[in-house]
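Open the model in your viewer and keep a selection panel at hand. The stops below go from the whole chain to single side chains.

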Amino acid sequence: MTSVPPRFPPYPIRGVCVAHRKQNCAPHFAEITVDFEPAADGFAFEVARGLAVEYEPSEDLPRFFAAAAAGIEEQLSLPEHGVLTATRVVLRGARADRFGSHELAFRIAGYLAARKALERTRMPRR
C-alpha cells in the first residue's frame with residue numbers, strides 16, 4: 001500500500017523573505033518576499049496587486065518574477081521533499097539591482113524561498 005505524500009503547504013506560510021547575493025565578475029542580486037497559501041491542487045503564482053519595484057528597465061521585472069516562480073515550483077517538485085504541491089504563491093515584495101539582477105538570480109531566490117518555506121513546516125525530506 002502506497003501512502004499519499006503530505007500536501008504542501010499544510011497551512012499558510014507568510015512573509016518568506018530571501019536575498020540571493022553573489023559578488024564576483026558576474027554578480028547576482030535578487031530579493032523576494034512571498035506568501036505560500038494552501039490550494040486545491042497544483043501550483044499557482046501571482047504578483048500582489050500594487051507591488052512597486054524600483055528598477056529600470058521595468059520591462060525586465062515580469063521575466064524576473066516568472067523566473068522566481070519557476071524556481072519555487074522546481075524546488076517544490078523535487079522528489080526528495082516528498083510533498084504534493086498544492087500551493088498558491090503570492091509575491092509580496094521584490095528588490096532588484098541594475099548590475100546584478102537577472103533571471104538566474106531570481107530563479108535561485110525562488111529555490112531558496114521554497115526551501116525556507118519547507119523548513120518552516122518541518123516536513124521530512126526523503
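How many helices and strands are there in the protein chain? The protein chain has 2 helices and 5 strands; helices (H or I, at least four residues) and strands (E, at least two) are DSSP runs, numbered from the N terminus. Colour by secondary structure and follow the sequence: the pattern reads β-β-β-β-α-β-α. The radius of gyration of the protein chain, 15 Å, is close to the 14 Å that the globule rule gives for 126 residues, so the chain is as compact as a globular protein of that length. That radius is taken over C-alpha atoms, and the rule is 2.2 Å times the number of residues to the power 0.38.

This is a predicted model, in which local features need pLDDT of at least 70 and side-chain atom pairs count only at pLDDT 80 or more, while totals for chains, interfaces and linings use all residues. Residues are numbered from 1 along each chain as its sequence is written, and side-chain values use heavy atoms, with hydrogens and water left out.

**Whole chain**

Show the C-alpha trace: along its principal axes it spans about 55 × 35 × 20 Å. Next, colour by burial. Of the 126 residues in the protein chain, 43% are buried, where buried means under 20% relative accessible area, exposed over 50%, and partly exposed in between (1.4 Å probe, protein chains only). Among contacts (heavy atoms within 4.5 Å) with a separation of 6 or more, 81% join residues 24 or more positions apart.

**His20**

Select residues 13-22, which form strand β2, and pick out His20 in this strand. Is His20 buried or exposed? His20 is buried, with a relative accessible area of 11%. Leaving out residues up to four places away in sequence, His20 touches His28, Phe29, Ala30, Ala105, Ile108, Ala109 and Leu112.

**Phe64**

Move to helix α1, residues 61-76, and select Phe64 there. Phe64 is buried, at a relative accessible area of 3%. Which residues does Phe64 touch, not counting those up to four places away in sequence? They are Tyr55, Ala96, Ser101, His102, Glu103 and Phe106. To finish, draw a distance from Phe64 to Ala48: their C-alpha atoms, 16 residues apart along the chain, are separated by 15 Å.
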